[in-house]
Amino acid sequence: MRAVVIDEAGGPDVLRLRERPDLRPGPGEILVDVRAAGVNFFDTAVRRQGAAEVPGVEGAGVVVEAGEDVHGFAPGDRVAWMFMGHGGYAEQVVLPAAWVVPVPDAVDDETAAALLVQGVSAHHFATVSHPVRPGDVVLVHAAAGGVGAILTQLVKARGGTVIGLVSRPEKVEIATGAGADHVLVSTGDAFVEPVRELTGGEGVHAVFDGAGATTFDASLTVLRTHGTLVFYGPLIGEVPTIRMDQLPRSVRLTYPTTEDHVRAPGAFAAHAAELFALVEKGELVVRIGGRYPLAEAARAHTDIESRTTTGKLLLIP
């Protein structure tokens, strides 16, 4: 079978398609024919560091073989996965059964492959980090991005109001299409006064901020009393620090990580099942921004690093 291999750390050109030995599942593992693999910014960091031989942490496909002690999966089953052990940029992948979930008939392969990494994160943010309730007003940074667009839809499905931030005017339509009630074109801390105006000076119930350290203080500023700042993603720029007595008022601050989203047994499957159910009901739509053959994985990485793409990028074996 063929796979995209990282021979050395470096730029997109180090991604090369090579023939690899056929795989077999061990105990507790599943062998899957890959139908589509998600491309994430995380993969570009793996490539730059040479941290995996075959990158790729999510995708969808069909079960070929189940190893010993695997229950609930059989050859021919449609499945999706999120596995931080990599290996998804390939025609086949072996996965621990705990990180594989069944895909409903109503959910197509590309949607399933595009949904899990960003979707499980967004679902955790909106149901655990700050459980959104009807009437909540929230601020979503990068509302036209992958996590931001899913977050916007999840907040709307739970009865909340979304103020979405985007960096450029051409992204307003994407955020609006995801359901944002108000969209602000803003960089840095320029959103503070408009958000205050939209909330009658009260501030928002929650801020979902994956934009990095430059917006940390401003995000705290627009919270109402007892509001929650959900600060997520890689710490871009200098790590923000704050003294407890410097907090603007009685607020909550959390920095959730992917490992925490799915720490409890069955948590990953529960998040995924709820996401698929929303897709089936038409309350969650995943935007596909580009499709590339495995041989063009380098182009996919070049495109995602350009930050000019919108929607999820997929590799199609």
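This is a predicted model: local features need pLDDT of at least 70, side-chain atom pairs count only at pLDDT 80 or more; totals for chains, interfaces and linings use all residues.
Visitor: What makes the six strands E10-E9-E8-E11-E12-E13 an open sheet, and which strands stand at its edges?
Guide: Strands are DSSP runs of at least two residues (E), helices are runs of at least four (H or I), and both are numbered from the N terminus. Two strands pair if DSSP finds at least two bridges between them. The six strands follow one another in that order with parallel pairing. Strand E10 (182–185) and strand E13 (252–254) each have a single partner strand, so one side of each is left without a neighbour in the sheet. Neighbouring strands are turned by 15° against each other on average, direction ignored.

Visitor: How do you know that strand E8 and strand E11 are paired?
Guide: Three bridges join E8 (residues 137–140) to E11 (residues 204–209), and the criterion asks for at least two; the two strands therefore count as paired. Within this pairing, Leu 139 stands opposite Val 207 in E11.

Visitor: Which helices lie on this sheet, and which strands do they touch?
Guide: Helix H2 lies across E11, strand E12 (223–231) and E13, and runs at about 150° to E12. Helix H3 (residues 146–157) touches E8, strand E9 (161–166) and E11, its direction making about 165° with that of E9. Contact here means heavy atoms within 4.5 Å; axes are lines fitted to C-alpha atoms, for helices over the stretch in contact, and angles run from 0 to 180 degrees between N-to-C directions.

Visitor: Why is Ser 121 called buried?
Guide: Buried means under 20% relative accessible area, exposed over 50%, and partly exposed in between (1.4 Å probe, protein chains only). Ser 121 has a relative accessible area of 9%, so the residue is buried. Its place is in helix H2 (residues 109–129). Beyond neighbours within four places in sequence, Ser 121 is in contact with Leu 116, Thr 258 and His 261.

Visitor: What makes Val 230 a buried residue, and which residues does it touch?
Guide: Val 230 lies in strand E12 and has 0% relative accessibility, so it counts as buried. Not counting residues up to four places away in sequence, Val 230 touches several residues, including Phe 125, Val 207 and Thr 254.

Visitor: Why is the pair of Asp 7 and Arg 18 called a salt bridge?
Guide: Side chains of opposite charge can pair when their charged atoms come close. The term requires a side-chain nitrogen of Lys or Arg within 4 Å of a carboxyl oxygen of Asp or Glu. For Asp 7 and Arg 18 the closest N and O atoms are 2.4 Å apart; the pair therefore meets the criterion. Asp 7 lies in the loop between strand E1 (2–6) and strand E2 (15–19) and Arg 18 in strand E2, so the pair ties together parts that are 11 residues apart in sequence. Asp 7 also forms a salt bridge with Arg 16, at 3.7 Å.

Visitor: Why is the pair of Phe 216 and Phe 231 called edge-to-face?
Guide: Rings of Phe, Tyr and Trp (its six-membered ring) pair if their centres lie within 6.5 Å; planes under 30 degrees apart count as stacked, over 60 as edge-to-face and the rest as tilted. The ring centres of Phe 216 and Phe 231 are 5.3 Å apart and the planes stand at 85°, so the pair is edge-to-face. Phe 216 belongs to helix H6 (residues 216–221) and Phe 231 to strand E12, 15 residues apart.

How values were computed:
Residues are numbered from 1 along each chain as its sequence is written. Side-chain values use heavy atoms; hydrogens and water are left out.
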